[in-house]
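Please open the structure in the viewer and keep the sequence at hand.

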Amino acid sequence: MNHPAQRPRAVAIMGPTASGKTAAALAIAARVPAEIISVDSALVYRGMDVGTAKPTPEELASVPHHLIDIIDPLDSYSVAQFRSATLRLVDEIHGRGKLPLLVGGTMLYFKGLTDGLDDLPGADPAVRAELEDEAARLGWPALHARLATLDPETAARLKPNDAQRIQRALEIIRLSGKPMSALLAQRAPEALPFELTSFALEPSDRAVLHERIARRFDQMLAGGALLDEVEQLRRRGDLHPGLPSMRCVGYRQAWEYLDGRIDHQALRETGIIATRQLAKRQLTWLRSMPERIVIDCLAPDATAQLLARLA
């Protein structure tokens, strides 16, 4: 068996939203032959560019990117699909003599990649529809309370309005007869076929990151760019707010605005708050990864530090 140091190498650049992951990855790729694999559950969708802060066409052209613009917003993309595609891509990039850079903030994807997949049942549209109907009548907090009696461990880490995850946890119970926490505990870790060095861009001052988030959301709203994008998606006629794509931060709030349910000021406030909450969840995930190398994303020389540690 080969020593881990002899295995092919890949580098992960993780961090909360607005921490500068794309800029750091592009800086590395400018110095080292590399290709970027997106680890972002929103960048997979075509036609969703503004609200996802997708790399610009120039950035995408400057270095090969993967797992961006690969599915329609009507479809879903699973952790299993991500893991399978990433293992294949890392192998192909190594074959081209380049360094794979895994860049993004979807921590569930990183966890699925490093820990392996579970044996949870697949999605069942009929069960999901039943749960959606129940939530419409009773509210998601009531379904969260039900989950707390059936799977207290999972419920404890979910907020009462976390519709997507509450729905998934209850769906698993209905399909398997077992709580998700018990099924996850049975999972055996799968070793990666390559060595992964993980960097985490984390803020030394959360308030400064919050300012970045607000500034970036204002840029998305400037000139109606985000609203124009969501309006174009709505005009298709086949999308709705319950889809994973339309639940993405920014899109959900823009949809509510276009429905006339909130005004422009509320759109801005709720969008910024939701993005801050996303960043908080991402940082919580990162703190559970002791093997990561932390770089202060607010430091003027953050990219230089990352390059030095990489060397």
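Begin by selecting Glu202, which stands opposite Asp296 in strand β6. This is a predicted model.

Next, select helix α14, residues 302-310. Helix α14 packs on the sheet and touches β1 (9-14), β4 (99-104), β5 and β6. The direction of the helix makes about 155 degrees with that of β6.

In which order do the six strands lie? The order is β3-β2-β4-β1-β5-β6, in an open sheet with parallel pairing. Strands β3 (65-66) and β6 (293-296) stand at the edges; each has a single partner strand, so one side of each is left without a neighbour in the sheet.

Is Glu35 buried or exposed? Glu35 has a relative accessible area of 3% and is therefore buried, the limit being under 20%. The side chain of Glu35 makes a polar contact with that of His66, at 2.7 Å. Glu35 also touches other residues, including Val63, Pro64, Ile93, Arg96 and Leu101.

Finally, select the cysteines Cys248 and Cys297. Cys248 is buried, with a relative accessible area of 13%, and Cys297 is likewise buried, at 5%. How many disulfides does the model contain? The count comes to zero.

Notes. Residues numbered from 1 in each chain as written. Predicted model: local features only at pLDDT ≥ 70, side-chain atom pairs only at ≥ 80, totals over all residues. Heavy atoms only, no water. Pairing = 2+ DSSP bridges. Helix = DSSP H or I, 4+ residues; strand = E, 2+ residues; numbered from the N terminus. Contact = heavy atoms within 4.5 Å. Axes fitted to C-alpha atoms, helices over the stretch in contact; angles between N-to-C directions. Buried < 20%, exposed > 50% of the residue type's maximum accessible area, 1.4 Å probe, protein only. Polar contact = N/O pair within 3.5 Å; in protein donor to acceptor, adjacent residues only side chain to side chain. Disulfide = S-S within 2.5 Å. Lists of a residue's contacts leave out its neighbours within four places in sequence.
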